[in-house]
Amino acid sequence: MATEYLSPPLDATAEEPALFDGTTRLYMAYTCPFAQRVWITRNSKGLQDKIKLVPLNLQNRPAWYKEKVYPENKVPALEHDGKVIGDSLDLIKYVDTNFEGPSLLPNDSDKKKLFEELLSHMDKFVGMVFATIKGDSTTEAGNAFDHLEHALTKYDGPFLLGDEFSLADIAFIPFVERFQIYLSEVFKYDVTEGRPKLTAWIEAVNKIDAYTQTKKTEPKELVELYKKIFSVQK
Ligand SMILES: N[C@@H](CCC(=O)N[C@@H](CS)C(=O)NCC(=O)O)C(=O)O
């Protein structure tokens with residue numbers, strides 16, 4: 001896959017795009033894990049020419065974004081077919097269903113069921129790791145990653161739903177990417193240790209161009225951001 005030129009994020013001084021002119025636009029931020037899910041989905045389906053990235057500077061957002069595009073004022077949001085829709089987990093399914101390119105969900109009903117179960121566990125997974133980040137013990141994060149390790153035994157990998165990279169991997173990897181960095185940097189905790197399936201999964205996902213092109217997490221910035229969000233003193 002050719003490396004895509006990434007234009008600088010739009011800030012409050014940026015002019016609005018020609019909204020609803022038929023162009024499909026993904027409003028996003030390069031460092032947002034939610035937006036990254038939709039970005040990976042777009043790349044995996046080869047939709048680089050069909051879905052235009054509109055990166056925003058979230059610290060200094062253009063006013064027209066909230067006023068004219070997405071009143072929730074968050075990213076990601078997709079402008080498509082005269083409407084704007086949001087929420088990353090809805091959007092990855094929407095892009096997979098409504099656009100050309102390889103399907104990112106298997107037809108197998110058991111696999112689809114596991115996919116939905118994994119999605120319904122997402123908030124808990126993230127919440128458990130955040131509990132560790134806010135405190136002193138790695139127990140909660142360890143339990144969260146044990147759950148993922150266990151999920152990976154179901155289809156013998158390397159991916160969550162078997163041998164094909166799918167929306168399930170796309171939903172988790174942006175968060176795993178960040179948590180692996182933070183837990184290693186701040187807690188000296190290696191999430192892969194003693195978790196062979198997770199190790200193999202992370203390795204396999206890191207061979208997927210559609211994903212690696214979206215990897216923009218800088219460890220130092222991430223640590224500062226999480227410390228600020230969670231008011232971590234140490
Ligand atoms: N539930 C949303 C969450 C999106 C979200 O919180 N995005 C963050 C950036 S990573 C955002 O736009 N924050 C801006 C704000 O809350 O004002 C999703 O899954 O898309």
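**View 1. The shell around the ligand.** In this predicted model, the ligand is surrounded by Ala29, Cys32, Phe34, Leu58, Asn73, Lys74, Val75, Pro76, Gly86, Asp87, Ser88 and Leu89. The next two views look at them.

**View 2. A cis bond between Val75 and Pro76.** The peptide bond that runs from Val75 to Pro76 is cis. Its omega is near 5°. Most peptide bonds are trans. Where does Pro76 sit? Pro76 belongs to the loop between helix H2 (63-69) and strand E3 (77-80).

View 3. Asn73 has a phi near 65°. That value is positive, and Asn73 is not a glycine. Most residues other than glycine have a negative phi. Asn73 lies in the loop between H2 and E3. Buried would take 20 or more, and exposed 12 or fewer.

**View 4. A cis bond between Gly157 and Pro158.** Here a cis peptide bond joins Gly157 to Pro158. Omega is about 5°. Pro158 is found in the loop between helix H5 (139-151) and helix H6 (167-187).

**View 5. The surroundings of Pro158.** Why does Pro158 count as buried? Pro158 has 20 C-beta neighbours inside 10 Å, and buried means 20 or more. Which residues does Pro158 touch, leaving out those up to four places away in sequence? They are Ala200, Trp201 and Ala204. Now take Asp11. Pro158 and Asp11 are 147 residues apart in sequence. In space, they are 40 Å apart, C-alpha to C-alpha.

**View 6. Ser231, a positive phi after helix H9.** Ser231 is found in the segment after helix H9 (219-229). Its phi is near 45°, a positive value in a residue other than glycine. How many C-beta neighbours does Ser231 have inside 10 Å? Ser231 has 7, so it counts as exposed. The cut-off for exposed is 12 or fewer.

Terms used. Residues are numbered from 1 along each chain as its sequence is written. This is a predicted model: local features need pLDDT of at least 70, side-chain atom pairs count only at pLDDT 80 or more; totals for chains, interfaces and linings use all residues. Helices (H or I, at least four residues) and strands (E, at least two) are DSSP runs, numbered from the N terminus. A residue is near a molecule or strand if its C-beta atom, placed from the backbone, lies within 6 Å of it. Two residues are in contact if their C-beta atoms, placed from the backbone, lie within 7 Å.
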